[in-house]
Amino acid sequence: MKNSIPESVPVLIAGGGPVGLTLSALLSSQGIANLVIEADEGYCSGSRAICMSRRSQEILGWVGADRPLVDKGLSWVGGRSHWRSTEVLHFQMPSEPTQRFSPMVNIQQFYLEEFAHRAAQAAGAQARVAWASRVSAVRPRDEGVAVDVQTPAGMQTVSADWLVACDGGRSTVREQLGLQLEGTQYEGRYVIVDIVQKTRRAVERLAWFDPPSNPGSTILMHRQPDDVWRIDYQIRDDEDPLEAVKPENVLPRVQSHLDMIGETEPWEPLWISIYNAKCLTLPDYRHGRVCFAGDAAHLVPIFGVRGLNSGLDDAGNLAWKLARVIRGRSPERLLDSYSVERVHAARENIAYGAKSTEFMAPPNFAYRLMREATLRLAVSDVQVRSLINPRQSSPITYRDSPLNAGQTGHWTSELAAPGAPAPEALLQGPHGPFHLSSRFGHRFLALAWGGDPLLAWPDLEVLPISTSMDVQGQAWQRYGLQHAEEPALVLVRPDGYVMGRWHGLDPAPLCAALNELEVPA
């Protein structure tokens, strides 16, 4: 029988959801051939994860998938929360006109999968997806992994140098390796509904606690492209989840709420599902030649939209490191830093997500009592309203990363400390304005103030920043310089994280930091 998939591949990605397809696109852009194994016959159905953070938009921009996402998606910067029928919070996320991306974009997950897949195909590095196929067995070896794949043509074995598990919360790869997630699972359940209905309402996050339309429940609403509302509502603890998702039980609740908020246009349901919050993670994301990313590695509550966004950050962190190792530029231990950094990020995301979950779906009477007291006070006390803020997803700082190369002397801002996400800045180039983040994603970047350090290093771009480029002063201020012409060097990793910063233009410490990543001669 002729094989429908290759017998060997540098990277096999188990799972063709948004994380797996984004990782495929990122690896393809680095020239690394990869094969994605996906059980479904195509992109997912239903909205699923819908809120794309600014950081996720930046990562997708590394492979050109940002433009279609932004063009199709609905951008937003804030939201409103209500207790019963009274507004108790109107929040705005940090944003400014010079930013490259908005804080959030709402878009159905299947669009993201399509855009990432297109980007992988456009990179021309032999990226392939085997649809309607699933990983059935995993056998780690010293120099790779043997993976049995059930395909429409029958069972086939693929020899992969590296296997990345992006196969979701019920990961087969995780099960095959005998690994278990650790943490907490909450009992509170939310029904998720997509409906089609025209509206003139602004694009923002909307929340109601104990609304008259559904007493005792919590309801979230987001607008999506194609005139779609995403509605999440909490069900009672004593409700049967199988009964709760039946249309005859879902549609009256939706109609009641639409009536309450004055959305009177005709509507119809598209998709119904159910969800409960989980705060779980593997303690290590690398096991020999197998790495874990996305929901296969960690499960984070939807509140604060850290789930998919943290999975895309996994892909952005892993891709450049795996590419360097496969090309023989860096030793395999570089991938240990992936686990260190992203496990740390997952634990921080879980801590934030747990706090949000305990407010959005109180796990017991004490939490319910505390939430109601907070909401009652928020009606008249502005200072209390900050306690209701959902604390949306933001990039995590890797303070203790083994890759951090340190810094010398005093800096006026910690925004660009080693391990921090590199701050954005709008600069003026010879062909017009450009955002500094547009230079991330492909190679190391050395930012130089006060002159040109005359650096020459493989996979390194040097960007001298003069006062005529930094006309708004964003770069020198955000990167912590004393003034615009102070000599300084900042090293930014390919994934847009600060690796080190040094006063003066001596390239020696920067070169030493890069040399630490190289395979010993």
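## The second largest pocket

The second largest pocket of this predicted model has a lining of 32 residues, and those nearest its centre are Arg 54, Gln 99, Ser 394, Pro 395 and Pro 421. Two elements give two or more residues to this lining, namely helix H2 (54-61) and strand S6 (86-92), and H2 provides the largest share, which is three residues. The space in the second largest pocket comes to about 890 Å³, where a volume is the space filled by probe spheres set on grid points that are joined across faces, edges and corners. By residue class, the lining holds 13 nonpolar, 11 polar and eight charged residues; here Ala, Val, Leu, Ile, Met, Phe, Trp, Tyr, Cys and Pro count as nonpolar, Asp, Glu, Lys and Arg as charged, and the others, Gly among them, as polar.

A pocket is found on a 1 Å grid over the protein atoms alone, as an open set of points with protein on both sides within 12 Å along at least five of seven lines, whereas a cavity is a set of points where a 1.4 Å probe fits but cannot get out; in both cases lining residues have an atom within 4 Å of a point.

## Helix H4 and its surroundings

Helix H4 (residues 109-123) has 15 residues and reaches 21 Å from its first C-alpha to its last, close to the 21 Å expected at 1.5 Å a residue, the expected span being 1.5 Å times one less than the number of residues. Helices (H or I, at least four residues) and strands (E, at least two) are DSSP runs, numbered from the N terminus.

After H4 comes Gly 124, whose phi is positive, near 70°.

## Strand pairing

Two strands pair if DSSP finds at least two bridges between them. Strand S1 (residues 8-14) runs parallel to strand S11 (residues 154-165), joined by six bridges, and Val 11 stands opposite Trp 162 in S11. Strand S10 (residues 144-151) pairs with S11 in the antiparallel sense over seven bridges, and a hairpin joins S10 to S11 through two residues. S11 also runs parallel to strand S18 (residues 290-292), with three bridges between them.

Elsewhere, five strands form an open sheet of mixed pairing, in the order S20-S26-S25-S23-S24. Its edge strands, each pairing on one side only, are strand S20 (406-407) and strand S24 (460-465). S20 pairs with strand S26 (residues 498-503) in the parallel sense over two bridges, and Gly 500 in S26 is the bridge partner of Gly 406.

## Basis of the values

Residues are numbered from 1 along each chain as its sequence is written, and side-chain values use heavy atoms, with hydrogens and water left out. In this predicted model, local features need pLDDT of at least 70 and side-chain atom pairs count only at pLDDT 80 or more, while totals for chains, interfaces and linings use all residues.
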